[in-house]
Amino acid sequence: MRLLLTGGSGFIGLNTVERFFSKAEALLNLDRNPPEPEHHRRFWQKSDLLDSATLKECVHAFRPTHVLHLAARTDCVETITVEEGYKDNTQGSSNFLQAIATCPSVRRSIITSSQYVCGPGYQPKFDQDYCPATVYGASKVITEKLTRAATLPFCWTMIRPTNVWGPWHTRYEREFWRVARRGWYFHPGGAPVRRAYAYVGNVLDQIEQIFSLPESAVNGKTLYVGDETDDIWYWAAGFCRALHGRTPPRINRPTLRLMGRVGDVVSRITGRRFYIDSTRVESMTTDYPIDMGETFKVLGRGSFSLQEGINQTTQWLHDVRGWKLPEASTLPKISKT
């Protein structure tokens, strides 16, 4: 396998390089930015998806057999349009698809979309049944349409990652794990909030399956990748125990919404987003279930349990970020009782 990936300096990309660099005959990461780990630098080549001519030269010179397209703008800024702010996901994906379509060495490709092509509460009836609720989701709809229109002359699979987490996830590090470490996290009371989360190790298990299964099993398919939908309490409480040594308190939803409004005011006064605001409260209390049945039937479940994913992530926070953690022997076990 000669593996080419775009966006290998981002969160999923860094984990992909770590997983595959010893397995692949050759590996190339095309990204605007250098990867943070020093030992990944030898696989990196600076590249811009919007520079179509140079991108094509890089792809053809490497002669990849397998391709994983991860590069994208993944934040969600609702004050700009898809056309203004998300050219990496639209024109950039178009340029990349043209580059690999004309590369004779390519045998397999995975193009990354997102669960956000359909917003919370909408269950698509078929692959091209879209209902994005954000500009980011709308940009990924375009990525999918471009991929299907490209008529790639080799095996291709579209993946829709769910809420992926794990080592090198800087937004979770900055927003949730830091809050949990300080003991500031409060979990919504009331009914369970059900979402499809995904430990990055399990996503990579499923990506490996796509590359190794017979073409007939994955060619032209659109598959969510991740773990089963579950009550997010287990995920949040597991990290709070691992990072702070206690289970987070549950706050009734009216109080939580009031805290969010106070956070909105603090954010406006300080010019910096407070750790809790109305947007985060809405996110914390909104169900976002995904039917993973087809994924598990075709690709299987990942090999990592929730606790193993939490352990590996907190170990990374300790080893790489220098976070001091509670003694493991003092932490209560996660239980789904």
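Student: In what order do the strands of the 7-strand open sheet come?
Tutor: This is a predicted model. The 7 strands run β3-β2-β1-β4-β5-β6-β10, with parallel pairing.

Student: Which are the edge strands?
Tutor: β3 (44-46) and β10. Each of them pairs on one side only.

Student: By how much are neighbouring strands turned against each other?
Tutor: On average 20°, ignoring direction.

Student: What packs on that sheet?
Tutor: Helix α1 (residues 11-20) does, touching β1, β2 and β4 (66-69). The direction of α1 makes about 170° with that of β1. α4 packs on the sheet as well, touching β1, β4 and β5. The angle between the directions of α4 and β4 is about 175°.

Student: How many bridges join β1 to β2?
Tutor: 5 bridges join strand β1 (residues 2-6) to strand β2 (residues 26-31). Leu-3 has Leu-27 in β2 as its bridge partner.

Student: Now β6. Are its faces covered or open?
Tutor: Both faces are covered. Cys-155, Thr-157, Ile-159 and Pro-161 sit on one side, Trp-156, Met-158 and Arg-160 on the other, and all are buried.

Student: What does β6 pair with?
Tutor: β5, through 5 bridges, running parallel. There, Ile-110 has Thr-157 as its bridge partner. β6 also pairs with β10, through 4 bridges and again parallel.

Student: Which side chain makes a polar contact with that of Arg-160?
Tutor: Tyr-224, at 3.1 Å.

Student: What else is Arg-160 in contact with?
Tutor: Leaving aside neighbours within four places in sequence, the contacts include Asp-127, Tyr-130 and Glu-144. Ser-113, Ser-114 and Gln-115 are also among them.

Student: Switching to helix α5. What span should it have, and what are its end C-alpha atoms doing?
Tutor: It has 15 residues (135-149), so at 1.5 Å a residue it should span 21 Å. Its end C-alpha atoms are 21 Å apart, which agrees.

Student: Which of its residues are buried?
Tutor: Val-135, Tyr-136, Gly-137, Ser-139, Lys-140, Val-141, Thr-143, Glu-144 and Thr-147.

Student: What covers them?
Tutor: The cover includes α3 (82-85), α4 (91-101), β5 (108-112), β6 and β10.

Student: Where is the positive phi after α5?
Tutor: At Thr-151, just after the helix, with a phi of about 45°.

Student: And Tyr-122, where does it lie?
Tutor: In the loop between β5 and α5. Tyr-122 is partly exposed, with a relative accessible area of 27%.

Student: What does Tyr-122 touch?
Tutor: Asp-129 and Cys-131, not counting residues up to four places away in sequence. A side-chain polar contact of 2.8 Å joins Tyr-122 to Asp-129.

Student: Next, the 3-strand open sheet. What's its order?
Tutor: β7-β9-β11, with mixed pairing. Its edge strands are β7 (163-165) and β11 (229-231). Neighbouring strands here are turned by 55° on average, direction ignored.

Student: How do β9 and β11 run, parallel or antiparallel?
Tutor: Antiparallel, with 3 bridges. The partner of Arg-195 in β11 is Asp-230.

Student: Last topic, the largest nonpolar core. Which residues touch the most other members?
Tutor: Phe-176, Trp-177 and Trp-235, out of 56 residues. Setting aside neighbours within four places in sequence, Trp-177 is in contact with Trp-235, Phe-239, Leu-243, Trp-316 and Trp-323, among others.

Student: How many residues are in the second core?
Tutor: 22, in a separate core that includes Leu-30, Phe-96, Leu-97 and Ala-99.

Technical notes: Residues numbered from 1 in each chain as written. Predicted model: local features only at pLDDT ≥ 70, side-chain atom pairs only at ≥ 80, totals over all residues. Heavy atoms only, no water. Pairing = 2+ DSSP bridges. Helix = DSSP H or I, 4+ residues; strand = E, 2+ residues; numbered from the N terminus. Core = buried A, V, L, I, M, F, W, Y, C linked by side-chain atoms within 4.5 Å. Buried < 20%, exposed > 50% of the residue type's maximum accessible area, 1.4 Å probe, protein only. Contact = heavy atoms within 4.5 Å. Expected span 1.5 Å × (residues − 1). Polar contact = N/O pair within 3.5 Å; in protein donor to acceptor, adjacent residues only side chain to side chain. Axes fitted to C-alpha atoms, helices over the stretch in contact; angles between N-to-C directions.
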